[in-house]
Amino acid sequence: MQIKDLFSKKKKYASIPSEVMKQDLPDGVMTKCPKCKKISITKELIKNVKVCSNCGFHHQMTAFERIEFLLDEASFEEFDKDMISSNPLHFPDYIEKLESDRKKTDLNEAVVTGKGTIDGIPVVIAVMDSRFRMGSMGSVVGEKITRAIERATSEFLPFIIFTASGGARMQEGILSLMQMAKTSAALNRHSELGCLAISILTNPTTGGVSASFASLGDFNFAEPGALIGFAGRRIIEQTIREELPEDFQTAEFLLNHGQLDAVLPRTEMRSKLYTILHLHQGGVLQ
Amino acid sequence: MLEFEKPIHELKTKIDELKVYTNQHDVDFSEEIRRLEERLKTLENEIYGNMGVWDRVQVARHPERPTTMDYINRLFTDFFECHGDRLFGDDAAIIGGIASYHGLPVTVIGHQRGKDTKENIRRNFGMPHPEGYRKALRLMKQAEKFNRPIITFIDTKGAYPGKAAEERGQSEAIARNLFEMAGLKVPTICIVIGEGGSGGALGLGVGNKLLMLENSTYSVISPEGAAALLWKDASQARRAAETMKITAPDLLELGVVDQMIPEVKGGAQNDVEQQAKNIDKYLYDALKSILSMDKEELVQQRYDKHAKLGQISFYK
């Protein structure tokens, strides 16, 4: 080291702010779009339902942000709020990970379920939140969704689900897999009675969640650009030993391959859902 | 021969050598042989009676492990294979058709691995595409129409993770099977005979009874996949397998499996005739126990069985 370095003010290394410091900062006043890099005022972004005004990128939304934007004011009544995961396989570190996600997200699990109205039409709704254990489905996610569907069935209400999940939760092993069967069975009953189910796949919806309730709506929609698929991109590339197209497993790719009814921009979500709900309220030829 | 069987194999070789020596020379080793054979018996009981999780994984993946077709040929008569999903193609990774089981017409469906490389390529190593699940569903709906019980054999590493599979809706195909199987108005029995790999296995696995061969596995993800995701190290597969509870005894304890079918010593590959008989006994009883249920009872029983799976708690 040279003497002059001692007087230089420039640091020779980058410092990463600690978790504590990050949390001390006020919520970002500005947000940068990961796609077009445009920096916008966070308040404005939220007003535009977290859709970038420049390129249309759909930023991640929390479960309660969605509920707030979709349902009529103060109409939401939450179900099973206090249901939490236990550790059936005694998986190492699982309880700690759950605890830390609870603190981080203010949620008890990766899905929020309840009842509310959309322009006066009552619905049962389930909204997944990918910030909690990547939205993965263990016993609690499966059970909450199943109970919500059962409630919709018994009250003859439409069931709407917003999915966001990396798939089945590994730490609960086979019990996670069985939630796929459980939720699908509940949807079958709901359907048998002639009730309406709508699934909106948001970024990301993969694995065991895409291979169960997410694909079982009478109407299956997705948000623009959402990643949707059964197997992970890397696994597929390793298996078939070829590069996949850029848009592989995006909402638009699925639409092109006949796997979705429509790709719905978030800004139109509420009005489009209302149209569908309304058309299922019955009517007479005049 | 698998790693854990080595001591047995070594002892067997020694006994054989002694026998040959006795025959060729004028020395009597019969007392020695008798002693060693007794020891072999104890050793076999010890090793096969205390198989670890990883030992069972190896047996479940044994290249000579009997496949769906091996059991169909031994358990049923008049098997008539039906092909195609009527939508896209015929997936050889899943076979299905109608047959007679002790005089009762049934529909049989199962994952099908190959016996050699050539057949494995044709059958995609038993890893189905969407058309496989859709063929299975078509056959299940046909079974429902004619009021035939359904028996499925589960034996797959998983649904195929490929480009074409995604394009044609692998997720939807599996999801649709779960949805429709839940509502089938005929008795349905599912038997895991080898590897039960995640959603690809479950796609044939929503029944009134789930049976599992002693050395088969059933898991949400392969041990290698779990290790890669959890510890970023696929070589920790053994540790992942031991943590995840994927063997028949573990799943029986968790209440996921209704009954465990015992295997012949060392695994089904050692005696497929006897193994088929073991399956027959359990399958017969399982089928008999649900044949008298009416349509509503069957659907209700299946619903309740799956609804109770999982473990939850509440904030106090």
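What share of the contacts in chain A between residues at least 6 apart in sequence join residues at least 24 apart? The share is 69%, where a contact means heavy atoms within 4.5 Å. This is a predicted model, in which local features need pLDDT of at least 70 and side-chain atom pairs count only at pLDDT 80 or more, while totals for chains, interfaces and linings use all residues. Residues are numbered from 1 along each chain as its sequence is written, chains are lettered from A and ligands numbered from 1 in the order in which they are written, and side-chain values use heavy atoms, with hydrogens and water left out.

**View 1. Chain A as a whole.** The secondary structure of chain A comprises eleven helices and eleven strands, taken as DSSP runs numbered from the N terminus (helices H or I, at least four residues; strands E, at least two). Its C-alpha trace spans about 90 × 50 × 45 Å along the principal axes, and 51% of its 286 residues count as buried (under 20% relative accessible area, with exposed meaning over 50% and partly exposed in between; 1.4 Å probe, protein chains only).

**View 2. Helix H7 of chain A and the residue that follows.** A:Gly194, which follows H7(A), has a positive phi near 90°.

View 3. Most peptide bonds are trans. The bond from A:Asn203 to A:Pro204, however, is cis, with omega near -10°, and A:Pro204 lies in strand S8, residues 197-206 of chain A.

**View 4. Two residues with positive phi.** Most residues other than glycine have a negative phi. A:His90, in the loop between strand S4 (83-85) and helix H5 (94-105) of chain A, has a positive phi of about 55° and counts as exposed at 64% relative accessibility. B:Asp78, in strand S1 (residues 77-81) of chain B, likewise has a positive phi of about 55° and counts as exposed, at 66% relative accessibility.

**View 5. B:His111 in strand S3 of chain B.** B:His111 lies in strand S3, residues 104-111 of chain B, and is buried, with a relative accessible area of 0%. Its side chain reaches the backbone nitrogen of B:Asp155 at 3.1 Å.

Conventions. A polar contact is a pair of N or O atoms within 3.5 Å; within protein, one must be able to donate a hydrogen and the other to accept it, and residues adjacent in sequence count only if both atoms are side-chain atoms.
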